[in-house]
Amino acid sequence: MDLRNRYAAVRKHTLALAEPLSDEDCGAQSMPDASPIKWHMAHTTWFFETFILERMERDFAPFHPAFRILFNSYYNGIGEKHPRPQRGLLTRPGMAQVRAYRADVDARIARLLETSPSAELDMLLTLGIQHEQQHQELMLTDVKHLLAQSLLRPAYMELPLAPAGMAPPLAWLPFEGGLTEIGHDGQGFSFDNELPRHKQYVAPFALASRLVTNGEYLDFINAGGYFNAALWLAEGWDWVRTQNLKAPIYWFQDEKGAWQEFTLHGSQPLDLNRPVTHVSLFEADAYAHWAGARLPTEFEWEYAAAQEAVETGSLHPAGATGDGLRQMHGHCWQWTSSSYAAYPGFAAAEGALGEYNGKFMLNQYVLRGSSCATPEGHARASYRNFFPAGARWQFTGIRLAQR
Ligand SMILES: [Fe+2]
């Protein structure tokens with residue numbers, strides 16, 4: 001697919017993601033970490049307007065002068081920003097105006113591609129497309145958090161989830177390791193945080209063949225895992241006790257005490273064979289400790305991932321099937337024990353776009369793989385996602401390692 005068609009397809013997909021939602025759904029913000037759907041739709045458009053049209057369009061005039069501030073997420077190089085926790089207060093512009101903003105910028109990008117093609121335009125457009133795909137995943141996780149606030153427990157997608165088949169027994173797959181090459185190999189697109197490719201020594205290790213299931217995680221809960229300080233990192237123990245947490249974020253017990261899970265497909269009886277998801281790094285680490293294992297490093301994960309193709313599925317993590325290394329992609333992001341830091345020789349781009357990744361390399365942990373909410377074609381073995389240790393509204397799961 002050429003770049004113009006890829007742009008059109010990705011832009012269209014964002015609109016499709018908003019389709020099942022009402023205008024009220026699209027305007028609300030459930031917590032400072034999450035953004036309204038309407039904001040995502042405008043901000044992704046702002047990215048193209050600010051980083052492409054403003055630089056390259058002759059006689060550039062903004063769609064609306066205030067949007068430069070309203071929909072700037074975190075780029076200090078661009079200037080002022082509307083405060084993140086107050087994105088839900090933006091009842092204006094309304095959805096109709098945001099849709100008009102999208103259409104206007106799309107038409108101008110198409111015109112620019114025709115009249116002034118350049119390698120720089122292709123590069124910026126590709127970055128904008130990848131950026132919009134990242135926001136497409138956030139649209140799903142943010143709206144899930146929002147819908148979970150209502151006792152109506154509304155389904156984003158009415159399609160029911162069929163029970164998963166019996167999870168295969170967890171097998172330990174050995175890897176030799178050695179001096180390995182880590183980072184993106186330069187074939188196709190990557191974000192700057194995947195570069196430069198460099199050498200990394202990986203000691204021999206074993207990786208779990210599949211993700212930890214809800215059933216296994218329930219055993220940890222029933223064994224008192226959330227109340228056993230010995231299993232937790234100090235900060236994790238403070239986190240879990242201060243908030244009095246007893247289960248992953250979307251688990252709840254019905255009036256008969258049976259475990260249910262809120263999903264984008266509505267509330268479901270907890271499926272013991274599906275992977276546990278929406279756990280923090282603290283929970284993942286405590287579980288690994290309880291299970292006599294540990295979390296993998298991001299290097300172990302990438303080294304092993306070369307062995308499995310990308311899978312895609314529904315909007316909830318599916319059960320594992322078959323032999324070998326399963327569920328590396330397309331189900332749950334997998335916490336690693338690696339701090340999110342620059343690779344040796346990392347250099348951020350010049351100007352405001354250099355703020356894309358580099359400035360977040362502190363107090364966050366790397367997640368590898370991709371999830372059921374990751375858009376098709378967006379995942380790769382060298383991809384580095386990152387969140388603070390307490391974050392759990394993303395589709396985050398647990399893959400164990402040993403040795
Ligand atoms: Fe963004």
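Analyst: A salt bridge is a side-chain nitrogen of Lys or Arg within 4 Å of a carboxyl oxygen of Asp or Glu. Keep in mind that this is a predicted model.

User: How many salt bridges does that rule give here?

Analyst: The count comes to 18 salt bridges. Take Arg-197 and Glu-181 as a case. Their closest N and O atoms are 3.7 Å apart, and the cut-off is 4 Å, so the pair counts as a salt bridge. Arg-197 sits in the loop between strand 2 (178–182) and strand 3 (198–202), while Glu-181 belongs to strand 2. The two are 16 residues apart and link distant parts of the chain.

User: Which other residue forms a salt bridge with Glu-181?

Analyst: Lys-199 does, with the closest N and O atoms 2.9 Å apart. This pair joins strand 3, which holds Lys-199, to strand 2, which holds Glu-181. Here the separation is 18 residues.

User: Where does Glu-57 find its salt-bridge partner?

Analyst: The side chain of Glu-57 meets that of Arg-108, at 2.8 Å from N to O. Glu-57 lies in the loop between helix 3 and helix 4 (67–70), and Arg-108 in helix 5 (residues 95–115), so the pair ties together parts that are 51 residues apart in sequence. Both residues are buried.

User: Which residues are linked in a network of salt bridges?

Analyst: Arg-11, Arg-102, Asp-106 and Glu-132 are.

User: Are His-43 and His-135 buried or exposed?

Analyst: Both are buried.

User: Next, the domains. What does the domain assignment of the chain give?

Analyst: Domain 1 covers 3–148 and domain 2 covers 172–402. Their C-alpha centres lie 27 Å apart.

User: How should I read the interface between domain 1 and domain 2?

Analyst: The size of an interface is often given as the accessible area lost when the parts come together. Here about 2500 Å² is buried between the two domains, and carbon and sulfur atoms give 65% of that area. In domain 1, Tyr-74, Glu-137 and Lys-144 lose the most area to domain 2. Together they make up 29% of what that side buries. Counted by contacts, 29 residues of domain 1 touch 28 residues of domain 2.

User: How many salt bridges and polar contacts cross the interface?

Analyst: The rule finds zero salt bridges across it. For polar contacts, 15 residue pairs are found, both partners at pLDDT 80 or more. Helix 3 and helix 6 each supply at least two residues of the side of domain 1 that touches domain 2. Helix 6 gives the most to that side, with 17 residues.

User: Last, the backbone. Where are there cis peptide bonds?

Analyst: Most residues other than glycine have a negative phi, and most peptide bonds are trans. In this model, a cis bond joins Arg-92 and Pro-93, with omega about 0 degrees. Pro-93 is in the loop between helix 4 and helix 5. Another cis bond joins Leu-195 and Pro-196, with omega about -10 degrees. Pro-196 is in the loop between strand 2 and strand 3.

User: Which residues other than glycine have a positive phi?

Analyst: Among them are Arg-153, with phi near 45 degrees, and Arg-403, with phi of about 75 degrees. Arg-153 is in the loop between helix 6 and strand 1 (172–175) and is partly exposed, at 26% relative accessibility. Arg-403 is in the segment after strand 12 (401–402). Arg-403 is exposed, with a relative accessible area of 62%.

How values were computed: Residues are numbered from 1 along each chain as its sequence is written. This is a predicted model: local features need pLDDT of at least 70, side-chain atom pairs count only at pLDDT 80 or more; totals for chains, interfaces and linings use all residues. Side-chain values use heavy atoms; hydrogens and water are left out. Buried means under 20% relative accessible area, exposed over 50%, partly exposed in between (1.4 Å probe, protein chains only). Domain bounds come from an automatic or database domain assignment. Contact means heavy atoms within 4.5 Å. Buried area is the accessible area (1.4 Å probe) that two parts lose on being put together, summed over both. A polar contact is a pair of N or O atoms within 3.5 Å; within protein, one must be able to donate a hydrogen and the other to accept it, and residues adjacent in sequence count only if both atoms are side-chain atoms. Helices (H or I, at least four residues) and strands (E, at least two) are DSSP runs, numbered from the N terminus.
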